[in-house]
Amino acid sequence: MDNLGIVFGLLGAALATFLAGTGSAIGVGKAGVAASGVLAEDPSKFGKVLIFQLLPATQGIYGLLVAFLILSKIGVLGGDPNISATKGLLYLAASLPIAFAGLFSAIHQGNCSVAGIGTISKKPDQFGKAILLPAMVETYAILALLISMLAVFNIPGLNL
Amino acid sequence: MKKDYTYAVARIRSRELSLLSRKDIDNLLGARSYEECIQYLSDKGFGGDDSNQDASEMLSAEREKIWSLMAELTDDLSPFDVFRFNDDFHNLKVSVKAVTRDVNPTGMFMKNGTMDGEKIYEAIKAHSYSVLPQHLRQPAQEAMTALLQTGDGQLCDIIIDRACLEAMRSKAKESGSDVIELYAELTAASADIKTAVRCEKTGKSLDFILRALAPCDTLNVDMLAKAASKSLDDIYGYLSGTSYATAVDALKISPTEFEKWCDNKLIDSIKPQKSEPFKIGPLAAYIIARENEIKAVRLILSAKLNDLNSAAINERLRDMYV
């Protein structure tokens, strides 16, 4: 049980990827279903609905980014893999904001994108306004990413 | 697991663009002739491939389009059976009367029921009631017995009409959709009110009225029946204390005005479905909107065919969904 630090660190990286990625998959999937419905009636709207579909994809990318950072800090991608259990737990804690905020924000952004797709299918000229609404959900994923990154960058400097 | 209608609703949103708006209705009203109306509707995509369709064929094709679209959008049409029961019970009425009067019912059946009209006729003819779907079985037996024993066509009609309203309400409750439940409730309540007024005018007995009225949540049918057995003012008085209080003025003008009030109330109640992205509501609202549109077009076309003036038609037209 000497290597608990790396176990916790890896668990953090896995959570960030898994939960944020799951949220994005659900969100992109839902928006994709609605986009297909619109395209079945009007294929000319492909470009517009694709943007709506891609909006919830970013949380998965944020999770991946945080996971990469954690993997490099705990030495899985090279360097010294000997970190303390406390630091490992700190990396695990650092992954939680993007893991959970990513999961829930991507699902709700997907729902919001579906509604936006409905709006532009009837009023294509309202694309600008319709895209702003699901984009607002992104704010909370960005805030979570910011906290996760700040934590991951500053953990190595802590005297523990 | 609750069914997800995201794909279907997205397609319906695009389809809503081709629903007739008030402007289209005004254009139809302003058309100089029946032929010009048909041409306008044809340009709007009404009717089938045949360019020489008359109004009845065109509107029949439009009703079929609604159901072929719904079949495309969802693999289970049963939540929409409420909208198809009217055709089923119409076909049942035709079949029962055709069998007892020994006439050929071909051409009299409606096409969009849950069971083919010819099959209903065959089942009634062979007295094989078990072949019929659950909602038609008992009313079919009851109506046949009543017609054979009494020869009273009106009694047969009230048995079938009441069974239709009961079946609609019970199926609507199963659907779990607010819009479908509202549709069934409003249909039953408006039918009850119209029946009560008609019974009062023709001096029917309380027993007959009670037998004719279908139960519904927004009306106390016992009180309505008692009022109908007394006078029109009693009916108005009873309705004034219900959610149909605003309908009393329309009812005083004419039954047609009351029907218009009911249709407008329904259209007004389904408008929030325009912003619902996931549930069955927008599909049900689309069916109601299309039926409303077909009703409006039928009214305009028959008026144009009979050279009625636009102002008279305009008064009878309902609000549109879009």
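The model is a predicted one.

Chain A is built from 5 helices and 0 strands. Its order along the sequence is α-α-α-α-α. Along the principal axes, the C-alpha atoms of chain A occupy a box of roughly 60 × 25 × 20 Å.

The interface between the two chains was examined next. In chain A, 14 residues are in contact with 12 residues of chain B. The size of an interface is often expressed as the accessible area lost when the parts come together. Chain A and chain B bury about 1,200 Å² between them. Carbon and sulfur atoms account for 68% of this area. On the side of chain A, the greatest losses of area to chain B fall on Val33(A), Glu41(A) and Lys122(A). Together these three residues make up 47% of what that side buries.

Polar interactions also span the interface. Between chain A and chain B there are 3 salt bridges. One salt bridge joins Lys122(A) to Glu16(B), with the closest N and O atoms 2.8 Å apart. The count of residue pairs in polar contact between chain A and chain B, both at pLDDT 80 or more, is 3. Two elements of chain A, α1 and α4 (85–122), each give two or more residues to the side that touches chain B. Helix α1(A) supplies the largest share, 8 residues. By class, the residues on this side of chain A are 6 nonpolar, 5 polar and 3 charged.

A helix pair lies within this interface. Helix α1 (residues 4–41) of chain A packs against helix α1 (residues 6–16) of chain B at an angle of about 35°. Their axes are 7 Å apart. The crossing of α1(A) and α1(B) is right-handed. From α1(A), the contact draws on Lys30(A), Val33(A), Ala34(A), Ser36(A), Gly37(A), Val38(A), Ala40(A) and Glu41(A). From α1(B), Thr6(B), Tyr7(B), Ala10(B), Arg11(B), Ser14(B) and Arg15(B) take part. The residues of this helix contact comprise 6 nonpolar, 4 polar and 4 charged. Val33(A) and Glu41(A), members of the helix contact, are also among the residues of chain A that lose the most area to chain B.

Technical notes
Residues are numbered from 1 along each chain as its sequence is written. Chains are lettered from A and ligands numbered from 1 in the order in which they are written. This is a predicted model: local features need pLDDT of at least 70, side-chain atom pairs count only at pLDDT 80 or more; totals for chains, interfaces and linings use all residues. Side-chain values use heavy atoms; hydrogens and water are left out. Axes are lines fitted to C-alpha atoms, for helices over the stretch in contact, and angles run from 0 to 180 degrees between N-to-C directions. Helices (H or I, at least four residues) and strands (E, at least two) are DSSP runs, numbered from the N terminus. A crossing is left-handed if the near helix is turned anticlockwise from the far one by less than a right angle, and right-handed if clockwise. Contact means heavy atoms within 4.5 Å. Ala, Val, Leu, Ile, Met, Phe, Trp, Tyr, Cys and Pro count as nonpolar, Asp, Glu, Lys and Arg as charged, and the others, Gly among them, as polar. Buried area is the accessible area (1.4 Å probe) that two parts lose on being put together, summed over both. A salt bridge is a side-chain nitrogen of Lys or Arg within 4 Å of a carboxyl oxygen of Asp or Glu. A polar contact is a pair of N or O atoms within 3.5 Å; within protein, one must be able to donate a hydrogen and the other to accept it, and residues adjacent in sequence count only if both atoms are side-chain atoms.
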